[in-house]
Amino acid sequence: MKPLTTSFAWLFVSFSSVFAVSNATNSNLRFGPQSVNLWRLDAQEKALLAAHPTVSPLVLQDTGNADFSASLQKGAEFSEQYFAQPIDHHNRTAGTFGQRYWVNTRHYIPGSGGPVIVLDGGETSGEDRIPFLDTGIVDILAKATGGVGVVLEHRYYGKSIPVSDFSTDNLRWLNNDQAAADSANFMANVEFYGIDEDLTAPNVPWIYYGGSYAGARSAHMRILYPELVFGAIASSAVTHATLSNWEYYDIIRQAADPNCTAHIENAVKTLDVLLEVPYLNPYVKGLFGLQDLKHDDDFMSVIEIPLGYWQAKNWDPSIGSQKFDEFCEALNKPIFGATDIAALPVGHEDRLLRLPSGHWIDFSVLNYAQYIREDLVKRCLNAGMTVGECFNTYNDTAFLETSIDQNWRLWTFQVCTEWGYFFTAPPDPEHPKIVSKLMTMDYATKICQQAFPPGKYFTVPPLPNITAVNVLGDFAISADRLAFIDGDVDPWKPCTPHSKYADDRKDTILRPFKLIPGGVHHYDENGLRNVTDEPPEIQRIHYEIVNFVLEWLEDFEA
């Protein structure tokens, strides 16, 4: 590894910014070719931070994520508890593990008989969901109903770990069936500390909530265990599993500022062409500070990393990220102060710059290069890593570590075995695109064989068994007291029941079907202590959720 090239203070500020972006969504759902490398870079930066305790953690308050940090501190009110679960619900001899959960009883009215509002932790540590227990959707519903709020951590994530390492064999119990059985067992048998009443299902109504992957799980729980799940709210629920998830980027292409989209489309098209010219290939990579990347698809997958910032948008700026907007602004930054030129359409002759090779490119490509150098390459070098160590995806041995601190392996395993969602270019080469044509299915899926060699008891299939997900209802999944809430510009919308491929539905109290204008990923999940401070569209969706849940509860019969 290379030595640090700039001050540790710069690294701290840089990492703090990334911390804010990653925690804005609290979700691992977006999984691209560089996801593991970015996880590794984050881990290296965290290690450097831990080695320099003299730097005040209060700097984190300036990262645009102050409310999230405060919520975690507030989480001391909610002590972690554990529920004994079988490792294998179909073979109880495999042993048990402790599934972690947290409880909010501040609004509970003794003797009222519930309800219990349970939030599925999904594909991240349950600690990341504590803000929703404190001021988000769980607290909102518990307050409105006089009920108990719960965050239930997903098996294998956080501290709910049933195995000694994350080898292929030891991950074989990480699947939809086992996770659903965990939730059912918990609802039917949990005893809440400090509450003498029986609040198990089906004796009292349980309302199951989840966002994103957990949103799909919420819908699945209503279908699989209707006798236990009285009602479910599925936010940004990806109930449609797919191999190629190319529409993710297409939503961004259509929803982002058209000027920004034009810059990205032009840059991708330009780079795809220039990379095919042998003598230009290293020069082009060098512009971006990525000359040490041998493989062109690795290079182009780094270029697409800023597109993922779109998902980190949130209506609450204290936990959301503005990085996508900052990226767009950087692309059209006037050169030499020539604002009049920047206002011209992309590709206009007055915007073109001549490369030493004689090729002409729009100046926004150079701005793109500068952004990648400063936002990603600089991070890499200041973490003491080489560009190859940061962004090469062809080193098979780099993906074989199986210790439990390698938690990137968890969602990767689920992607490779059941869920898919591989990010590729559009199948139609003529379709407008903001990602390279080099983003192929072969490139996206090679991590599955690299990271998970065949074990003694389990072998990862050549392609994920997405039927295991889609058989539960796919786009058409529905039931009484099952609500779907999506964001209008959520890049995951094509995989939800609000997809253009799904039949339209009526929005009713019994089967709510709601779309948040301008909403991105599970926009309804977080909230403010003073709800009147929320934007009107968020106040409205929170009011509507409370309204239909109260209506549901009127129909409960013990």
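Visitor: Which lysine lies over the face of Tyr 394?

Guide: Happy to start there, in a predicted model where local features need pLDDT of at least 70, side-chain atom pairs count only at pLDDT 80 or more, and totals for chains, interfaces and linings use all residues. Residues are numbered from 1 along each chain as its sequence is written, and side-chain values use heavy atoms, with hydrogens and water left out. A charge sits over a ring if NZ of Lys or CZ of Arg is within 6 Å of the ring centre and within 35 degrees of the ring normal. At 4.1 Å from the ring centre of Tyr 394, the residue is Lys 446.

Visitor: How many aromatic pairs are there?

Guide: Rings of Phe, Tyr and Trp (its six-membered ring) pair if their centres lie within 6.5 Å; planes under 30 degrees apart count as stacked, over 60 as edge-to-face and the rest as tilted. By this rule, the count is 28.

Visitor: What kind of pair do Phe 186 and Trp 206 form?

Guide: Their centres are 6.1 Å apart. With 90° between the planes, the pair is edge-to-face.

Visitor: Is Phe 186 buried or exposed?

Guide: Buried means under 20% relative accessible area, exposed over 50%, and partly exposed in between (1.4 Å probe, protein chains only). Phe 186 has 0% relative accessibility, so the residue counts as buried.

Visitor: Which lysine lies over the face of Trp 310?

Guide: Here the distance from the ring centre is 4.9 Å. The residue over the face of Trp 310 is Lys 313.
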